[in-house]
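Biologist: Hi, could you walk me through this one? I have a few quick questions.

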Amino acid sequence: MTLHQPRPTPQLNFLLIFATMPVEIYHPFQNFNFSNRNCFLSGKPLSSEEEKIQVFPAWLMSSHNLADQSFKMLDESISTYKDLKLPCSAMINEQYLDPLETEVAAAAALGYEGMKSLAELKLFQWAGKILYGIVFNEIQAGIKQQHASGQEFNISQSLIHKFSNLHLMLQSIYLPIVFEDFKPFSLFLFKVNNESNEFVYRDEINTLTFSMRMKDFGLIICLQDNDANRNYHREILEKINGQTLHPIQFEEFNARVFYSAYLFNRLPEYNILPVGDETYIEAMPLRSMSSKPTFDFWQNKVYGQVLENFWKKWGFLLFEIIKNPESPMSFLLDADGNFISATAIELSR
């Protein structure tokens, strides 16, 4: 009988060792592992190369008929939303990603109020998984293309730095990772008078900026800026926060953020501190990295080019937008700098 009884001392030692084991962080960019044989998030070997998840969640593709719609890759090739996939272990998907998707889907179904009720960290993780999934697919395509031509795949060190940090922070989805007194992202959420069933998605992987407009909300996230872009736009945010926006107003603010993300000239650095079974991430001060301002100089002509792209639906051209080079066209603020009510805008949505 005694053979089946627990032995207290060895068990206690095991528990003590387990409690102080550092979290095992996965670093895919160290060995450039982007095969379909390992889970994209944990790095653990998969049972099959068919063990995958969708980059864009099934509920989102279904609600907006996205599955077979075209998705242009950086090399100008055309994929579809449903073709973008990530190798992912069933355990990670079932225990962590599926519950996250379920929670975001339920919030999105309620629109702006539902999304507003979600923790910002969950929205960051959700959007980050989508944008990292696109990065993963772009890298896979780039590796195949370069190997086919007998060349080594090259990517800039600054992009590796950004993508590595994003992947590190995405591991907070399933690991006890703590962001020590900082947010790695800037998040903007607005109520928007969108057309019913309208869906507009944008991203810029070089700056890790994400935007989505649907239902009655618009969401923008700069995924790797330590809240710098939100601080940069604080004055206009004070005027428009809490207001319902016309779609052209949201896209104007969207253009401002995408452009400022381009002007952001820091590569955030972090200290990674294992403490017991948790990993603390501490942000290094952005100001101490360089003596120059955190953002490069804003040029209205370049901003106007960005805005022209974001306003394509309404047909405004660059020469109209920057007719007054010192004060580009705006549907957000009037000549006195006051917010323009969405109800005063006589344009289609």
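**Talking through the model**

Modeller: Happy to, and keep in mind that this is a predicted model. Let's begin with helix α10, residues 247-263, which lies across β6, β7, β8, β9 and β10. Its direction is about 175 degrees to that of β8.

Biologist: In what order do the strands sit in that open sheet?

Modeller: The order is β7-β8-β9-β6-β10, 5 strands with mixed pairing. At the edges are β7 (199-204) and β10 (244-245), each of which pairs on one side only.

Biologist: And how do β6 and β10 run, parallel or antiparallel?

Modeller: Parallel, with 2 bridges joining β10 to β6, residues 186-192. In general, strands of a sheet pair through backbone hydrogen bonds, in either the parallel or the antiparallel sense.

Biologist: How many bridges does β9 make with β6?

Modeller: There are 6 bridges between β6 and β9, in the antiparallel sense. Phe-188 is the residue opposite Ile-220 of β9. β8 also pairs with β9 in the antiparallel sense, over 6 bridges, and there Arg-213 faces Gly-218 of β9.

Biologist: Why call β9 largely enclosed?

Modeller: Because 6 of its 6 residues are buried, β9 is largely enclosed by the rest of the structure. Both faces are covered: Phe-217, Leu-219 and Ile-221 are buried on one side, and Gly-218, Ile-220 and Cys-222 on the other.

Biologist: Switching to helices. Where does α4 bend?

Modeller: At Leu-97, by about 40 degrees. The helix covers residues 90-109, and a proline, Pro-99, follows the bend within four residues. Leu-97 is itself one of the buried residues of α4, which also include Ile-92, Asn-93, Glu-101 and Val-104.

Biologist: What covers those buried residues?

Modeller: The cover includes helices α3 (58-63), α5 (112-117) and α6 (120-148), along with strands β1 (52-54), β8 (209-214) and β9 (217-222).

Biologist: And what comes just after α4?

Modeller: Gly-111 does, with a positive phi of about 80 degrees.

Biologist: I also had Ile-236 on my list. Is it buried or exposed?

Modeller: Ile-236 is buried, because its relative accessible area is 8%, and the cut-off for buried is under 20%. This residue belongs to helix α9, residues 234-240.

Biologist: Which residues does Ile-236 touch, leaving aside its sequence neighbours?

Modeller: Beyond four places in sequence, Ile-236 is in contact with Phe-253, Arg-256, Leu-332 and Leu-333. Leu-332 is 96 residues away in sequence, with a C-alpha to C-alpha separation of 8.9 Å from Ile-236.

Biologist: OK, zooming out. What does the whole chain look like?

Modeller: The protein chain has 12 helices and 12 strands, and its C-alpha trace spans about 85 × 45 × 45 Å along the principal axes. A compact globule of 349 residues would have a radius of gyration near 20 Å, and the chain's 23 Å agrees with that. Buried residues make up 49% of the 349.

Biologist: What about contacts and surface?

Modeller: Among contacts with a separation of 6 or more, 73% are between residues 24 or more positions apart. The accessible surface comes to about 18,100 Å², with 51% of it belonging to carbon and sulfur atoms.

Definitions and conventions:
Residues are numbered from 1 along each chain as its sequence is written. This is a predicted model: local features need pLDDT of at least 70, side-chain atom pairs count only at pLDDT 80 or more; totals for chains, interfaces and linings use all residues. Side-chain values use heavy atoms; hydrogens and water are left out. The bend at a residue is the angle between axes fitted to the seven residues ending there and the seven starting there. Buried means under 20% relative accessible area, exposed over 50%, partly exposed in between (1.4 Å probe, protein chains only). Contact means heavy atoms within 4.5 Å. Two strands pair if DSSP finds at least two bridges between them. Axes are lines fitted to C-alpha atoms, for helices over the stretch in contact, and angles run from 0 to 180 degrees between N-to-C directions. The radius of gyration is taken over C-alpha atoms; the globule rule is 2.2 Å times the number of residues to the power 0.38. Accessible areas come from the Shrake-Rupley method with a 1.4 Å probe; for residues, only the protein chains shown count as cover.
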